[in-house]
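This report goes through the fold of one chain, the contact between two chains, and the confidence attached to the coordinates.

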Amino acid sequence: MSRVRLKHKEQENKRCTLSIVQIGENECKVEVLFLMPLALLKMTSKKQKEAIMISQPFRMIACIHQIFQDWRTLETMDKLDGVIMGSLLTAKSTSAQKNLSSRMEEFWTNNRSMAKLSEENKFFKPLINSIVLHRKRGGPGQMGKSLKLLTEQHGEILGRQFNSMLNAAATEEGAVQSWLKKYPLMVEFSERHSFFLPMLYLVGKDIKHAVTWEKLASSAIAAAFALFDVITDLYTINYYYDKGMGDTGFVMLTFVGVSLLLQLGLVTVIHHKNSSRWRFEILATLTYTKPAFNKFRVLTNQKSEGHELMPPVTEMVCFKILEVFCESIPVSFFSFSLHFASF
Amino acid sequence: MNWLAQCTVIQIMSILSSTNVDNILLLSVVLSAGMTSECVTYMTYIKDISEEGRRLGKLFYGFVPLSGFRLIMVRISMYMLSFCQLIGKCFGMSILYNLGGPVLVLQVLGGEMLAYLLYKVVRKDLVYSVSLKSKHLIIVFTLLQRISSKIVADFTGMLHCRHPYELGGSTGC
């Protein structure tokens with residue numbers, strides 16, 4: 001057992017104790033204990049938390065972790081290693097760091113087990129590279145009949161096909177299942193190397209929830225439709241008033257107003273602990289752009305900042321339920337009634 | 001049910017043959033119904049495929065296939081189900097509205113709701129198990145939830161409201 005105590009002169013109020021215990025022939029148990037002032041734990045903003053996460057003790061531990069991983073042998077790699085490898089492949093880089101392609105090259109050079117696997121299976125490196133680098137276009141192509149016959153070109157095709165399936169599937173799980181069904185050789189490969197599927201799931205999840213222009217456009221379209229829907233509703237209300245059916249118009253207007261009020265109430269309940277975020281959400285609700293923000297957050301799987309009462313998926317569902325219950329159903333009903341009354 | 005179907009056909013024919021229909025109003029109706037269906041379909045889809053939903057509610061969530069042609073078919077079917085249910089229900093309610101005014105509509109909706117709540121009381125399945133301290137709050141929450149889910153399910157056919165403990169099972173019959 002070895003014990004390392006890290007103490008930094010610049011941050012004397014932060015201490016980190018790292019304990020590494022060998023529990024098996026090829027297995028270590030690592031425990032990390034952080035001692036930090038209470039004020040740091042009370043920090044609620046995302047930026048402050050990020051500042052802690054990239055502080056020196058954390059970076060050092062991440063570095064140690066990566067070195068351990070680089071030295072793992074292929075024979076001893078299990079499902080947990082797959083998760084770690086996936087995390088390494090999908091780790092976000094800052095502007096100071098290298099671009100994705102060079103980071104991938106570094107990954108294949110430093111990681112001994114992966115280098116060995118890519119030597120034994122020529123298709124493996126192009127497969128992972130094309131997945132991580134988000135290459136999509138490419139035909140299905142013919143596959144070899146055994147793993148040994150798969151070439152680098154096959155790996156490229158397999159990766160591109162995986163990305164296309166990921167694009168069409170509901171989740172990364174669906175994409176992986178379809179991909180394995182289409183390419184049974186990959187089932188054989190995953191049975192030989194238990195780390196492969198967990199790694200694929202993690203990389204797939206990261207790609208599925210990545211921020212893209214497509215998702216931004218989809219959210220903007222959602223907002224445009226919501227706004228257009230409200231405009232046509234207001235036109236219908238105005239039409240009622242013009243035709244001397246002010247009572248029905250007033251009832252419809254009440255439903256639209258009640259829906260908006262309840263949505264504002266819901267936003268207040270969810271975001272009342274963070275005033276700047278609350279103001280932003282209120283503005284988005286009043287301008288009918290909130291559905292777009294909700295959709296974008298769900299599509300990109302944004303994590304809660306900590307002050308919210310519920311996760312983004314539940315927030316979107318509650319928001320939509322209110323919209324459907326208080327606005328969409330009554331307005332649809334009255335619009336239909338208007339047509340019936342004119343016959 | 002046959003008379004209602006015939007009335008619907010007659011009314012649709014009237015809409016199609018009428019020269020007085022305001023195009024923007026017609027667009028408003030279609031857009032409202034379309035947006036509602038889209039809302040309900042997307043809500044059901046997202047909640048059903050969510051990792052949390054599938055992990056915590058295995059019996060309830062997870063009916064949507066995760067990939068392939070079946071996924072597309074299920075999404076289209078859900079959308080069509082919601083759209084047709086909304087149009088059908090609105091037609092029915094509009095006929096009642098034109099026959100007896102808002103009072104008749106409220107009587108029918110209220111009667112349906114009362115029957116549903118009585119059914120739940122008889123089945124000893126009315127009150128939700130929620131972690132609220134006050135009994136009054138639990139009853140208010142239960143009533144709001146039951147009424148809103150009944151209305152949403154009746155008008156939009158939302159599949160997650162058709163759970164055996166909600167509006168599904170024998171309640172659906």
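## Fold of chain A

In this predicted model, among the contacts in chain A that join residues at least 6 apart in sequence, 63% link residues at least 24 apart. The secondary structure of chain A comprises 16 helices and 3 strands, and of its 343 residues 31% count as buried.

## Contact between the chains

The contact draws 40 residues from chain A and 41 residues from chain B. On the side of chain B that touches chain A, the elements that give two or more residues are α1 (2-17), α2 (23-49), α4 (68-122) and α5 (135-156) of chain B, and the largest share, 16 residues, is contributed by α2(B).

## Confidence

For the complex, the predictor gives a pTM of 0.76 and an ipTM of 0.72. Chain B has a mean pLDDT of 80, with 84% of its residues reaching 70 or more; among the elements of this chain, α4(B) has the highest mean pLDDT, 89, whereas α1(B) has the lowest, 45.

Over residues 1-14 of chain B the pLDDT is below 50, and in the model this stretch has 6 contacts beyond near neighbours in sequence.

Key. Residues numbered from 1 in each chain as written. Chains lettered and ligands numbered in written order. Predicted model: local features only at pLDDT ≥ 70, side-chain atom pairs only at ≥ 80, totals over all residues. Helix = DSSP H or I, 4+ residues; strand = E, 2+ residues; numbered from the N terminus. Buried ≥ 20, exposed ≤ 12 C-beta atoms within 10 Å, placed from the backbone. Contact = placed C-beta atoms within 7 Å. pLDDT = per-residue confidence, 0-100.
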